Amino acid sequence: MCNHKQRKITLTQTAIYNIFKDRKVQGHEINKRYLTDCKIGPDFEFKVFPADSHDVNLYNIKAFTSDKLEVKVSVSFQYFLRSYELADLHNKFNMDYEDVMRSKAIDALKGAIPVYNTREVVKLRKEIEEVIYKAIRERLGGICCAPQEYCKSWKFACPLNCKSRDICNDEDKGVYVDVKYFQLGSIRIPHTVEERFLRQLVLQEETDREKLLQGAQIVRKQTDFEVRVIKNKALELSEEAESTSRLLHVTAAANYTSEVEGARSIGLTKLYNNLGITKQEHKNSFDYLRTLRGMDNIWLTVDYQQKIMGNLGSR
């Protein structure tokens, strides 16, 4: 025999929520959940609620921007029934809740768009997606915190600044579902506005292109100027180096000559003293001969002719 006491259900992709109905007494024991294999009898039936995701696709929903232009927005989202509020969902909507979810989602979407103008709707796509998701999530799921044991079941189960369940009223709970996933589709703006935006974009691109060309021209001129400056600097350094080199060469040559002549003077003085040469004409002659001997294109030879008359020796 089936035990009518509450039993826990492990929710899987194919799991279902069951609401037990007694045909005889026309009462609803919707505060209990039962396993699907529990055999009750012919006077009882189960109402089956899917425990997996409900997929909703909204295409080309018309909404007005802050500048009074109509845009068409397409979105998709997936919501899940709350097991701990299933009785409330059944009491309020019975099994006819899906159209309610679509209607309220559309209202939330239309309410989220008017804070943006048409240009912002086109440019701020990421922000628009977050705003619409929040609007739909709170319209369907309310602003109450989930029970403590469910707070970590998904990201927005207990969001920041959510309202404590102790002070939540029925309106704060939304329509008892969790919108866990959301995707923003296309955003269509009026054709004339789109053409105007495209012209503005083309004009902006042309302006940016002209700025880049002008900037490139300025950079080229600046680069040419810097190249000339570097070349002039290099030329100055080269000429300075050559001048310094010539100065060092001349200075070294002068120092060399001075050292050589000083050494020669000391050497000649010693030589004259050692040879006993004291007369200046002898010194000049010796110095002259020494100078001639040091030249590469001068050859010195000793030659003399002597005429001898008479006998060279005695008899």
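**View A. Thr118 reaches Thr65 through a side-chain polar contact of 3.1 Å.** This is a predicted model, and here we zoom in on Thr118, which sits in helix α3 (residues 118–123). Thr118 has a relative accessible area of 1%, so it counts as buried. Setting aside neighbours within four places in sequence, look for Thr65, Asp67, Leu69, Val71, Ile189, Val193 and Phe197 in contact with Thr118.

**View B. Ile132 in the largest nonpolar core.** That core has 42 residues, and Phe77 and Ile132 have the most contacts inside it. Among the elements giving it two or more residues are β4 (54–64), β5 (70–81), α4 (125–141) and α5 (191–275). Beyond its neighbours within four places in sequence, Ile132 is in contact with Val73, Val75, Leu109, Ala112, Ile113, Phe182 and Leu184.

**View C. Cys144 is joined to Cys168 by a disulfide, S to S 2.0 Å.** Both cysteines lie in the loop between α4 and β6, so the bond ties together parts that are 24 residues apart in sequence. Cys144 and Cys168 are both buried.

**View D. Cys145 pairs with Cys162, sulfur atoms 1.8 Å apart.** Again we're in the loop between α4 and β6, with the two cysteines 17 residues apart. Cys145 is buried, at 15% relative accessible area.

**View E. Cys151 and Cys158 form a disulfide, S to S 1.9 Å.** With a torsion of about -75 degrees, the disulfide is left-handed. Cys158 comes in at 23% relative accessibility, so it counts as partly exposed. The structure holds three disulfides.

Terms used. Residues are numbered from 1 along each chain as its sequence is written. This is a predicted model: local features need pLDDT of at least 70, side-chain atom pairs count only at pLDDT 80 or more; totals for chains, interfaces and linings use all residues. Side-chain values use heavy atoms; hydrogens and water are left out. A nonpolar core is a set of buried Ala, Val, Leu, Ile, Met, Phe, Trp, Tyr and Cys residues joined through side-chain atoms within 4.5 Å. Buried means under 20% relative accessible area, exposed over 50%, partly exposed in between (1.4 Å probe, protein chains only). Helices (H or I, at least four residues) and strands (E, at least two) are DSSP runs, numbered from the N terminus. Contact means heavy atoms within 4.5 Å. A polar contact is a pair of N or O atoms within 3.5 Å; within protein, one must be able to donate a hydrogen and the other to accept it, and residues adjacent in sequence count only if both atoms are side-chain atoms. A disulfide is a pair of cysteine sulfur atoms within 2.5 Å.
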